[in-house]
Amino acid sequence: MVLNYALEKAKQSKTPRLTRNISFHPHGSLCRSAGPPSTSTCCLGAVQPVHGLGTAGFLRREGRSLGAGSPGPLKVVFLVLASLCAWYSGYLLAELIPDAPLSSAAYSIHSIGERPVLKAPVPKRQKCDHWTPCPSDTYAYRLLSGGGINKYAKICFEDDLLMGEKLGNVARGINIAIVNYVTGNVTATQRFDMYEGDNSGPMIKFIQSAPPKSLLFMVTYDDGSTRLNNDAKNAIEELGSKEIRNMKFRSSWVFLAAKGFELPSEIQREKINHSDTKNNRYSGWPAEIQIEGCIPKEPS
């Protein structure tokens, strides 16, 4: 009995071992064999489940799937388009970035978060340094008295400096310029020292020599009152001055007069600033003063 059992085991060991092979039939069918490779069964158009697994489960178990061996055509097209887009984006970026040093680029990036600085445009210069332009049918003027020892008086008419430090024709005392009202041309300029000498007489003659329809501009530098006599004050008062008799030592004074015609009442004509040891801007001198405006031209 023992011998018969041994012989039976030997026969079983010579039996070829069953194997499970999976292959694909040329016609698209999945073939399954459960024995030697020489014998197989093909199921046309279907996959037979194995050991209770579904088709998908069986394929996952065996690590096989239809079409998994090579990328699909859609993936190839997507990769090509993505490459083209990346290249074109780099090209545009290179064109838009200016050719500037790295330091400039870094500063530009740093300044993005900063507040923008608004710069007001430089105002256009007007005649005689007015803030606003005079109409075309008017004359622009500006009178500036002296202020301190180094602040000289100035007379400007139609943006021309008639008297001033640059011209060298302004000095201590009363400085006068005469302008033809009709043509706008300068007739004469003269300076009269009122601290030393007797210059009131010559100044009276100069004022009286102005022809009719003349503009007279008067400004002081330093002292304009010490040697100014009463006759000179009368001559200036006849031209319309309201402050000439209030002149004191080193008073700052400016005056615009018209001879032979009347100026519009709204035009600023006269201003005065007296010397005061407590309020003087400069040591011994009051602050300079000025008047400016636009004189209507004579109708043509």
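This is a predicted model: local features need pLDDT of at least 70, side-chain atom pairs count only at pLDDT 80 or more; totals for chains, interfaces and linings use all residues.

Trainee: What is Lys 271 in contact with, leaving aside its neighbours within four places in sequence?

Mentor: Ser 252, Trp 253 and Val 254, plus Ile 289, Gln 290 and Ile 291. Phe 255 is worth a look too: it is 16 residues from Lys 271 in sequence, and the C-alpha atoms of the two are 6.8 Å apart in space.

Trainee: What's the strand order in the open sheet of five strands?

Mentor: The order is β8-β7-β9-β10-β11, and the pairing is antiparallel. β8 (186–192) and β11 (270–273) are at the edges with a single partner strand each, so one side of each has no neighbour in the sheet. On average, neighbouring strands are turned by 15° against each other, direction ignored.

Trainee: Which helix packs on that sheet?

Mentor: Helix α5, residues 200–208, which touches β7, β8, β9 and β10 (252–259). The direction of α5 makes about 165° with that of β8.

Trainee: Why is β10 largely enclosed by the rest of the structure?

Mentor: Because seven of its eight residues are buried.

Trainee: New topic: pockets. How much space lies in the largest pocket?

Mentor: About 240 Å³. The residues lining that pocket include Arg 125, Asp 129, Arg 142, Lys 154, Asp 160 and Glu 165. β4 (138–144), β5 (154–157) and β6 (160–163) are the elements that give two or more residues to the lining.

Trainee: How many residues of each class are in the lining of the largest pocket?

Mentor: Eight are charged, four are nonpolar and none are polar.

Trainee: How do β4, β5 and β6 pair up, then?

Mentor: β4 and β5 run antiparallel with four bridges, and Leu 143 is opposite Ile 155 in β5. β5 and β6 are antiparallel as well, with three bridges, and Ile 155 has Met 163 in β6 as a bridge partner. β5 and β6 form a hairpin with two residues between them, and Glu 158 in the turn has a positive phi of about 55°.

Trainee: Last one: how many cavities of 30 Å³ or more does the search find?

Mentor: Two. The largest cavity has a volume of about 50 Å³. Among the residues lining it are Gly 146, Gly 147, Gly 148, Tyr 221, Ser 252 and Trp 285. By class, that lining has six polar, three nonpolar and two charged residues.

Trainee: Great, thanks!

Methods: Residues are numbered from 1 along each chain as its sequence is written. Side-chain values use heavy atoms; hydrogens and water are left out. On a 1 Å grid over the protein atoms alone, a cavity is a set of points where a 1.4 Å probe fits but cannot get out, and a pocket is an open set with protein on both sides within 12 Å along at least five of seven lines; lining residues have an atom within 4 Å of a point. Grid points are joined across faces, edges and corners, and a volume is the space filled by probe spheres set on the points. Ala, Val, Leu, Ile, Met, Phe, Trp, Tyr, Cys and Pro count as nonpolar, Asp, Glu, Lys and Arg as charged, and the others, Gly among them, as polar. Two strands pair if DSSP finds at least two bridges between them. Axes are lines fitted to C-alpha atoms, for helices over the stretch in contact, and angles run from 0 to 180 degrees between N-to-C directions. Contact means heavy atoms within 4.5 Å. Buried means under 20% relative accessible area, exposed over 50%, partly exposed in between (1.4 Å probe, protein chains only).
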